[in-house]
Structures are given as C-alpha cells and as structure tokens.
Amino acid sequence: MIRTMILVSALALTTACASVPPEPVLEDTAFVEAAFVDEVPERPVEIVETPTVLALPGQMKPVDGTKRTVTRVYTSPTETIRKGTTEARIEPSVDGYVNAIQVYPYTEGALYRLYAAPGQVSDIALQPGETLVSVSAGDTVRWIVGDTSSGSGGAARAHVLVKPIAAGLSTNLMIATDRRTYHLELESVDGTYMAALSWRYPADELAELVSRNKIASVREDASIASGVAVDRLDFDYVIEGDKPAWRPVRVFDDGRQVFIQMPAGLATMDAPPLFILGASGDAELVNYRLRGNYYIVDHLFRAAELRIGEKDQTVVRIRKRVQRSGLASLFGAEG
C-alpha cells in the first residue's frame, strides 16, 4: 500500500514537471519604444484673470486713438481735495444689493457712502474673523456710533452701528481692523435709509483660490492615479536582468494600466526609456507617463524592457507571469 502511494506521488510530480511549458522566448527585435507623454494634472480651479484695482468713478477717461497734448492746469489745494474726494466716492447701486444689504467691492482708499435716517439703525458688517481695532467718527454728538458682534469662533463677525439724531446731517467714519481700514461718508436723510452694508474682498478670494490650487497640486502629486480599483490590482510580474540603481521596485496593474514603481531617488537619475512587447507577441506602440516615482503605461503588456545605453546597454526586463493550470499551479511552477 505504501509503495503504491509513493508511485502515485512520483507519477503526479512527473506529470506536473512535464506540464510546465518552456520559458517564453522574447526577441529583442520585437520590442518597440513606448511613447512618453507629459502628465498634465487637472486643476480644481482655473484662474483666468487676476483682479486689479479698478479705477474709481470719475477716473475713467475715453480713448479714441487720437494723440492728446497734456496741459497741466493749476488747481488750488481746496479744489484738488474736492476733486479727489469726489472721484474716490462710491455710491450704492441696485446691482450691489443682496436682500437688504448693500455689498461694496473693497478697494483701498475708496470712500463708501452710507445713507441713514433718524430713528433707524444702520449696520456696517465687517469680514467674518476680522477683529475691530478702533472706530472714529467726525461728529459724535449728533451721530450715535456703537459696535457689537455676531457668531462665534471663526465665524465671529464685528458690526459697527450708526444712527443720526436728525435729518440733513453728514459726517465721516473711519474703521480700523487687524486686516484693513475702511473710510465711509455718512449722510442722514428723510424717508429712506440703508439697513446694512458690507464688502466683498476680491484679493482675499484670489488668495483662497491660489491656496486651494496648491493644496490640490500636493494631493494630486502624492497620488499615482485616480479611479484605480484596489480590489483588482495584480502584482503577478517578474523583474529580471541587470540591477542598476534605477531597477524597478515592483510592477502591478489594475486591469487597464500598468504601474511600474521606480526607486525613490529616480529624480536624481537618468530615467530609462520603456520598450513594450504586446500581448500577442507583436510590437505595440503605447503611451506612458512619469508620475512621481511611477511609470504609468496606458496598456497591458506581455513584456517590457527598460534600457539605457547604446553599445553596452543596461537592460531590465519586466514580464507578466504565464498563468498555469492543473498540477503545475498546484506545485507552484513559475512562468
């Protein structure tokens, strides 16, 4: 009985060895160099124009292509101040209203108009997170000026409240914060008033977009590719040949693309070009990209080579293991 079992085992082992096909012969002439394409990561936000300081009303001049001769006209200091103040003044606009809030675009040095009414409080809302430092009014006798806050934490918001005691009054208001300075002109009128005003900040919005882009770039550079099915990853590749410093660490695919992981110091080395042999045994032209320390090949391949040099080439071969079946796979035969 024991002898029979030994004979059966020996027969099975012999059959398994006999079923292992020979190593595939890969002709060097069958390889074709893969086409390298630059990786262009998608950016979540595209900035097409950076904000610039707009000319205030009165500063825009018509241009008709006619050359003009500039003649300097003397103006008195009083007239210069009056003209400068008039051109810096920004009035409320219908398009600037969001519900009952007049939203001005913030521009340093502009004079923002606020129309108030006796018996009504007008709210000047600052940017969330902005800290109020001081408030100075030209007329503190006939204008009541106070401040309060809303929200908490990062959403805390400072408010300056103004109320005139009569109509037909005017004064100016300067608000200093930890971020910027606001200049306002207050005027009291009968019959209507501005319930609230606030600002939007184009420079801050641009800075936020730039910051988001930087964070997104770091995140994208740290990832190999998007949409990779982790449960379909196949590491069944063999790395053979020479052992240069740039020899791949591992190779795997997700059923669509092949990822060749190179050593961490690849950026300091000469990256070797990639040559591909198709699954049918014929040379196939494919694209590949370099993303971090990875070669990403847009095609599954049967075999590939990384080569450097002309006469004495350094060659590292990558090949997909041949799938075994039956007793060969049972005994762990490698293809």
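**Entry 1: secondary structure and chain totals.** I counted four helices and 21 strands in the protein chain. The model I worked from is a predicted one. Of the 335 residues in the protein chain, I found 31% to be buried. I then looked up contacts with a separation of 6 or more; residues 24 or more positions apart account for 66% of them.

**Entry 2: strand β17.** I next turned to β17, which spans residues 274-277. Which of its residues are buried? I found Leu-274 and Ile-276 buried on one side, and Phe-275 and Leu-277 buried on the other, so that both faces of the strand are covered. In a regular strand, side chains alternate between the two faces of the sheet.

**Entry 3: partners of β17.** I traced antiparallel pairing between β17 and strand β1 (residues 32-33), over two bridges. Strand β20 (residues 303-308) also pairs with β17 in the antiparallel sense, over four bridges. I used Phe-275 as a reference point: Glu-33 stands opposite Phe-275, and in β20 the bridge partner of Phe-275 is Glu-305.

**Entry 4: a six-stranded sheet.** I followed an open sheet of six strands in the order β4-β5-β13-β7-β10-β9 and recorded its pairing as mixed. Its edge strands are β4 (97-98) and β9 (143-150), each of which pairs on one side only. Within this sheet I examined β7 (residues 122-125) and β13 (residues 196-200), which pair in the parallel sense over two bridges. There I noted Leu-197 of β13 as the bridge partner of Ile-124.

Key: Residues numbered from 1 in each chain as written. Predicted model: local features only at pLDDT ≥ 70, side-chain atom pairs only at ≥ 80, totals over all residues. Heavy atoms only, no water. Buried < 20%, exposed > 50% of the residue type's maximum accessible area, 1.4 Å probe, protein only. Pairing = 2+ DSSP bridges. Contact = heavy atoms within 4.5 Å.
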